[in-house]
Each structure stands twice: as C-alpha cells, then as structure tokens.
Amino acid sequence: MENIFDPTYRQDYLNGYSNGLNPYIDYDEVKYNDAFHSGFVSGRLDYENRNGYIIDGIPKRIVTKKVLEDFLLAGLLGLPPDTDGYTNFQLNVLAKWYQSGTEKYDPNQSMYLFAILEKNGIQVEETYYM
C-alpha cells in the first residue's frame with residue numbers, strides 16, 4: 001500500500017476515483033500509475049454498488065451520494081420521494097436509504113417544516129408512496 005499522505009499519490013488516487021464514478025470513461029491501465037488505478041477501481045465499485053453493473057447498461061438517472069442523502073432526508077421528513085426514471089436496481093438501493101429515514105421519522109419535524117414552508121408560500125403535496 002502506498003503512502004496515502006503523500007500529496008501526489010492522493011491527487012492521483014482522487015483523479016482515478018472521480019474517473020471511476022463516470023460510467024462513460026473506459027480505463028486504460030497502460031497510461032496510469034498504481035494510485036490512479038486504485039482510485040479508479042474504488043470509484044467504479046461505488047458507482048456499480050449504487051447504479052448496477054455498467055455492462056448491464058447505463059441508467060438514465062445516476063444515483064450519487066447526494067441522491068442517497070436526499071432519499072434519507074425525504075424519509076426522515078415523511079416526504080414522498082421522486083422515483084421516476086430509476087432502474088429496479090437503483091430503486092432497491094434508494095428504498096433502503098428511504099426506509100432508513102422513515103425509521104427515524106418524527107411527525108413533529110414534518111409539521112414544523114410544513115408550517116415554515118407554508119408561511120413562506122410554498123405548498124407541499126402530501127401524497128406518500130414508495
């Protein structure tokens with residue numbers, strides 16, 4: 001294992017990781033060093049754990065950490081999630097995050113949030129599904 005505290009290694013690793021998260025980029029081992037390779041593999045594993053294998057096709061909507069956090073927050077607040085355009089594999093991943101949020105759901109938090117939003121003229125649709 002290389003020294004992860006070395007700035008050069010860390011930068012190559014992060015470049016590889018960000019490239020691994022992009023499903024449209026193919027990896028060419030000849031061009032890159034070990035740090036880039038390790039980062040690419042790690043990024044690709046994260047991508048495929050959230051969106052399914054690339055060989056099965058690239059979905060229309062990509063699940064990122066932010067999307068997962070949004071589903072967790074929606075579950076916490078009891079808000080309906082937007083599930084249009086996701087594949088079955090992605091919906092299984094998203095359902096786990098949403099369910100994790102609903103397990104911690106506090107109806108009082110939602111009432112307070114809805115009151116604040118309503119006070120600011122924002123109407124929230126109250127249909128619940130998933």
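Author: Happy to! A residue is called buried under 20% relative accessible area, exposed over 50%, and partly exposed in between, with a 1.4 Å probe and protein chains only. What you see is a predicted model, where local features need pLDDT of at least 70, side-chain atom pairs count only at pLDDT 80 or more, and totals for chains, interfaces and linings use all residues. Residues are numbered from 1 along each chain as its sequence is written, and side-chain values use heavy atoms, leaving out hydrogens and water.

Let us look closely at helix 3 and its surroundings. Helices are DSSP runs of H or I with at least four residues, numbered from the N terminus, while strands are runs of E with at least two.

Start with Arg-61, in the loop between helix 2 and helix 3. Arg-61 has a relative accessible area of 30%, so it is partly exposed. Side chains of opposite charge can pair when their charged atoms come close. Here, Arg-61 forms a salt bridge (a side-chain nitrogen of Lys or Arg within 4 Å of a carboxyl oxygen of Asp or Glu) with Asp-82, and their closest N and O atoms are 3.3 Å apart. Asp-82 lies in the loop between helix 3 and helix 4, so the pair ties together parts that are 21 residues apart in sequence. Asp-82 is partly exposed because its relative accessibility is 40%.

Now step into helix 3 itself. There, Asp-70 forms a salt bridge with Lys-66, with 3.2 Å between the closest N and O atoms. These two residues sit 4 residues apart in helix 3, about one turn of the helix. Asp-70 is partly exposed at 37% relative accessible area, whereas Lys-66 counts as exposed at 54%. By this rule the count comes to 2 salt bridges.

Next, the neighbour of this helix. The axes of helix 3 (residues 65-77) and helix 4 (residues 88-103) come within 6 Å and cross at roughly 40°. Such axes are lines fitted to C-alpha atoms, for helices over the stretch in contact, and angles run from 0 to 180 degrees between N-to-C directions. Residues in contact (heavy atoms within 4.5 Å) include Phe-71, Leu-72 and Gly-75 of helix 3 and Val-93, Trp-97 and Gly-101 of helix 4.
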